[in-house]
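Let's take a walk through a protein model together, one contact at a time. Keep the picture open while you read.

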Amino acid sequence: MVQGMTATLHPELLTRREAAAFLSISPGTLARWAVQGKGPRYSRSGETRGKVWYSLADLPAWLEAHKQGPQG
């Protein structure tokens with residue numbers, strides 16, 4: 001696939017690296033969270049070793065749901 005083509009065809013989908021940058025964490029942390037069932041929802045293109053995609057719409061909602069500290 002041509003680099004950048006995914007963003008043109010599906011701008012609402014992010015790679016693991018792009019999603020990690022959005023969340024200000026490393027791609028490795030995001031991968032670990034996926035294995036542990038802690039991170040944001042993702043889709044896989046293919047079976048167990050396919051490329052992982054994150055929905056841009058899911059990331060802000062996931063951040064909001066995982067806020068910590070006092071409310072107010």
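Which side chain does Lys67 meet in a salt bridge? Its partner is Glu64, with N and O 3.2 Å apart. A salt bridge here is a side-chain nitrogen of Lys or Arg within 4 Å of a carboxyl oxygen of Asp or Glu. Before going on, note that this is a predicted model, where local features need pLDDT of at least 70 and side-chain atom pairs count only at pLDDT 80 or more, while totals for chains, interfaces and linings use all residues. Residues are numbered from 1 along each chain as its sequence is written, and side-chain values use heavy atoms, leaving out hydrogens and water.

So how open is that pair? Lys67 is exposed, with a relative accessible area of 59%, and Glu64 is partly exposed at 48%. (Buried means under 20% relative accessible area, exposed over 50%, and partly exposed in between, using a 1.4 Å probe and protein chains only.)

The count comes to two salt bridges. In the other, Asp58 pairs with Arg41, and the closest N and O atoms are 3.2 Å apart. This pair links distant parts of the chain: Asp58 belongs to helix α4 (residues 58-65), and Arg41 to the loop between α3 and β2 (43-45), 17 residues apart. Helices (H or I, at least four residues) and strands (E, at least two) are DSSP runs, numbered from the N terminus. Arg41 counts as exposed, at 63% relative accessibility.

Now look at helix α3 (residues 27-36), where Thr29, Leu30 and Ala34 are buried. Seen down the axis of α3, its buried residues fall within an arc of 140°, so they line one face of the helix. That arc is taken from the directions from the helix axis to the C-beta atoms. The buried residues of α3 pack against α2 (16-23) and β3 (51-55), where contact means heavy atoms within 4.5 Å. After α3 comes Gly37, with a positive phi near 75°.

Next, the aromatic rings. The whole structure has two aromatic pairs. Trp33 and Trp62 make a tilted pair, 5.5 Å centre to centre with 40° between the planes. (Rings of Phe, Tyr and Trp, the last by its six-membered ring, pair if their centres lie within 6.5 Å; planes under 30 degrees apart count as stacked, over 60 as edge-to-face and the rest as tilted.) Trp33 sits in helix α3 and Trp62 in helix α4, 29 residues apart. Trp33 is partly exposed at 22%, whereas Trp62 is buried at 14%.
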